[in-house]
Amino acid sequence: MVCKDCNNFFASCECLEHPEWKDIIALEDGRIASLPLINEKERQVLVWINKAWLDVLDAQMPATIDELTAVLEKIKNGDPNKNGKADEVAADLVGVYELRWLLPYFGIIADDYNLARDEKGELVFAPELPAYRDFIAKMHEWYEMGVLPKEAFTAAHGAAMLSEEDEKAPLTTGMLVSVTPYTHVPVDHVAEYAPVLLAGPDGTVRWRDLLGEVWTGCFAVTSACADPAQALAWVDALYDEENMVLGYAGVEGEDYTFNEDGEWAFILNVGRDISVIRSNVLMYTGAAMPGKYPADFVMKVDSDIDQLVFAASEQARAVSQQVTQPYCLTRENQQKANALAQKIGLLVDTGIARFVTGEMELDDGNYSEWLAQMQAAGSAELAALFAQAE
């Protein structure tokens, strides 16, 4: 990328508005091996709860984990969908990954390496924090109460099991984890859901930023390229707002149009659905493409559902943090970290599932043994690899 102020390539530019972006994508020697997607407004993974059901149950939006537990119990037992059946799935969460999005409610922000920060800000292995055991204990309580379904570790979401043909099937999902509710519930019900951002034990509301502003590894020029300068000049155009809108939405008047309020929408008609538009917009593949996400444009979309999601994401972003900078390790250390994370991650996930379901009693002896297994697998070494890079 070429800086428009000093006309230097990104790697040597000294007048960047965000010099931290360069630190994230550059190698140890300052070279840049691949170009990123810059996304300052990425939607956040959130916990959502059916606010309409809270109104039916005369319940308030919870502010703490204990209040959330009480609300979920009401959802489970109060028949908020009013069909006369006990079919509500209070916490429609599947697998350890979705459960871990509740960790901020216990004051823990943990990444996919199971690393977190302690009270001193030092990098540590998350399960060794005292509050991590509190998290597992609460999930076991939910499991015993039936708030967390017995199929949480073996089945799909309750909403996903509804027949697509049965549009009149009653809604069953109380709380879910997703970027947007419409991945789990019918579109007509999305507006009923609101994000759940609870205060931790110290009264502070925290959230985890999954991807950050810089998504690395989106474009690289190999030795097979006959003209690297030309290839880079082409991709450099994608860091321009106008060109990124073209790559995201297509041509104004052909693929999308603005209304009188300055909001845009895709032009859809018979034989021209969104898949047809996307096939014509060659740069959009569903994966992260290089460039700068046209947030100012995208967030003006004429869609109440998307506006709800954008607003919730901005609410979460205000209290979000990342545990470590992405791709901050050397190649050798990254390979070590990947190997350790795979081995340790399996122990983490298996242990959580066994404790939550009651297959293994959550007592001092079993918890200490579990931690010892992860320590033997290299949990301290994993944390040290990232700590050394800071």
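Trainee: Which helix holds S313?

Mentor: S313 is found in α10, residues 304-317. Helices here are DSSP runs of H or I, at least four residues long, and strands are runs of E, at least two, both numbered from the N terminus. This is a predicted model, in which local features need pLDDT of at least 70, side-chain atom pairs count only at pLDDT 80 or more, and totals for chains, interfaces and linings use all residues. Residues are numbered from 1 along each chain as its sequence is written, and side-chain values use heavy atoms, leaving out hydrogens and water.

Trainee: Is S313 buried or exposed?

Mentor: Start with the scale. Buried means under 20% relative accessible area, exposed over 50%, and partly exposed in between, using a 1.4 Å probe and protein chains only. S313 has 1% relative accessibility, so it counts as buried.

Trainee: What does S313 touch?

Mentor: Contact means heavy atoms within 4.5 Å. Not counting residues up to four places away in sequence, S313 touches E42, R43, Q44 and L46. At Q44, the S313 side chain reaches the backbone nitrogen at 3.0 Å.

Trainee: Where does K138 lie?

Mentor: K138 is in α5, residues 130-145. K138 is buried because its relative accessible area is 11%. Neighbours within four places in sequence aside, K138 is in contact with I65, D66, T69 and F106.

Trainee: How do I read one face of a helix?

Mentor: An α-helix has 3.6 residues a turn, so residues three or four places apart point the same way. Now take α13, residues 379-388. Its buried residues are S379, L382, A383, L385 and F386. Seen down the axis, they fall within an arc of 150°, so they line one face of α13. That arc is taken from the directions from the helix axis to the C-beta atoms. On the other side of α13, A380 and Q388 are exposed.

Trainee: What do the buried residues of α13 pack against?

Mentor: They pack against strands β4 (115-117) and β5 (123-125), and helices α11 (331-357) and α12 (364-376).

Trainee: At what angle do α11 and α12 pack?

Mentor: Axes are lines fitted to C-alpha atoms, for helices over the stretch in contact, and angles run from 0 to 180 degrees between N-to-C directions. α11 and α12 pack at about 165°, with axes 9 Å apart. α11 is therefore roughly antiparallel to α12, a label for angles over 145 degrees. Among the residues making the contact are I344 and F355 of α11 and Y367 and W370 of α12.

How values were computed
A polar contact is a pair of N or O atoms within 3.5 Å; within protein, one must be able to donate a hydrogen and the other to accept it, and residues adjacent in sequence count only if both atoms are side-chain atoms. Angles under 35 degrees count as roughly parallel, over 145 as roughly antiparallel, 65 to 115 as roughly perpendicular and the rest as oblique.
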